[in-house]
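Welcome! Let us walk through this structure together, one place at a time.

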Amino acid sequence: MAVTIKTAHEIELMREAGRLLELVHEELAAAIRPGISTWELNKIGEQAIRRYGCTANFLNYNGFPASFCISVNEEVVHGIPHKGKILHEGDIVSVDAGLIYKGMHSDAARTYGVGQITPEAQKLMDVTKESFFRGIAFAREGHRLHEISAAIGDYAESFGYGVVRDLVGHGIGHALHEDPQIPNFRQRTRGIRLVRGMTLAIEPMITAGRPDVEWLDDDWTVVTEDQSLAAHYENTILITDGEPEILSLTK
Ligand code: MG
């Protein structure tokens, strides 16, 4: 599939999709506390998405059974919300959310501390978020896609962290996952040339230990092989003729 360039109208819809997704994330962030289950968080998010007149794009995606991926501690991504999965003081929780507004998709993830967390966990979260911003410094017309990949990976690895190899960012628009794939680490090739109107979901997944991951028996939840903590930070962005526009982070 070719990388698509969005029209002004499609971009306008994606802007609104991103803005609404940011509001959904705010509601989820406000609900995170020790004692809440990931199932309850999923329900709060679903109610918000419905209230905004949108559809959850993760629900039933390749059979995923919930509207949000909620991943705790050594879980990297794709954790399935569950009534028995209770957040505890000191956990870190990654919430990956997406929605469809008038046919256009938005996708964004945040990692939060639950109550008081260790300085080590906080640093992992901070570096993961900052690696996204290091990456998108190259998300400009005329630059090459893999400059983003290298900037993310080099920054995270400079702290001794692992950069997950098995999962990558992606194009986004009429579909949740479009071309191109966007690795979070240095590539041998330069990648495609970036052009204004491309919309990308950039999403570093960073571990406190080794980068290797494995899938649990539910066939969804991705965990670090060495059980180290993992953090995830993602936004949907638009390539322009200048600074990239972060569609899912407007405030
Ligand atoms: Mg994504």
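Start at H170, which touches D107, L176, H177, E178, P180, I182, L200, A201, E203 and E234, leaving out residues up to four places away in sequence; contact here means heavy atoms within 4.5 Å. Before we go on, a word on what you are looking at: this is a predicted model, in which local features need pLDDT of at least 70 and side-chain atom pairs count only at pLDDT 80 or more, while totals for chains, interfaces and linings use all residues. Residues are numbered from 1 along each chain as its sequence is written, and side-chain values use heavy atoms, with hydrogens and water left out.

H170 sits in strand β7 (residues 169-171). Strands (E, at least two residues) and helices (H or I, at least four) are DSSP runs, numbered from the N terminus. Is H170 buried or exposed? At 4% relative accessibility, H170 counts as buried; the word buried stands for under 20% relative accessible area, exposed for over 50% and partly exposed for what lies in between, using a 1.4 Å probe and protein chains only. The side chain of H170 makes a polar contact of 3.0 Å with the side chain of D107, and another, of 3.2 Å, with the side chain of E203. A polar contact is a pair of N or O atoms within 3.5 Å; within protein, one must be able to donate a hydrogen and the other to accept it, and residues adjacent in sequence count only if both atoms are side-chain atoms.

Which residues are the protein donors of the magnesium ion? They are D107 (OD), H170 (NE2), E203 (OE) and E234 (OE), lying 2.1 to 2.4 Å from the ion. Donors are N, O and S atoms within 2.8 Å of the metal (3.2 Å for Na, K and Ca), and sites may look incomplete because water is not among the atoms. Along the sequence, the spacing of these donor residues is D-x62-H-x32-E-x30-E. E203 belongs to the loop between β9 (199-202) and β10 (205-207), and E234 to the loop between β13 (230-232) and β14 (235-238), so the pair ties together parts that are 31 residues apart in sequence. Both E203 and E234 are buried.

Now look at the strands around this place. β7 and β9 belong to an open sheet of 5 strands, ordered β8-β7-β9-β14-β15, with antiparallel pairing. Its edge strands are β8 (178-182) and β15 (245-246), each of which pairs on one side only. Two strands pair if DSSP finds at least two bridges between them; β9 and β14 run antiparallel and are joined by 4 bridges. L200 stands opposite I237 in β14.

Another open sheet has 3 strands in the order β3-β12-β11, again with antiparallel pairing. Here β3 (75-77) and β11 (213-215) are the edge strands, pairing on one side only. Between β3 and strand β12 (residues 222-224) there are 2 bridges, and V77 stands opposite V222 in β12.

Next, find K6, in the segment before α1 (8-31). K6 is buried, with a relative accessible area of 6%. Its side chain reaches the backbone oxygen of I172 at 3.0 Å. Beyond its neighbours within four places in sequence, K6 is in contact with residues including M104, E178 and T199.

S94 is our next stop, in strand β4 (residues 92-101). With a relative accessible area of 3%, S94 is buried. The side chains of S94 and T111 are joined by a polar contact of 2.8 Å. Apart from residues up to four places away in sequence, S94 touches several others, among them C69, V76, R110 and H232.

That brings us to the cysteines. How many disulfides does a search of the whole structure find? The search finds 0, a disulfide being a pair of cysteine sulfur atoms within 2.5 Å. The sulfur of C69 is 18 Å from the closest cysteine sulfur, in C54, which is too far for a bond. C69 is buried, with a relative accessible area of 6%, and C54 is buried too, at 10%.
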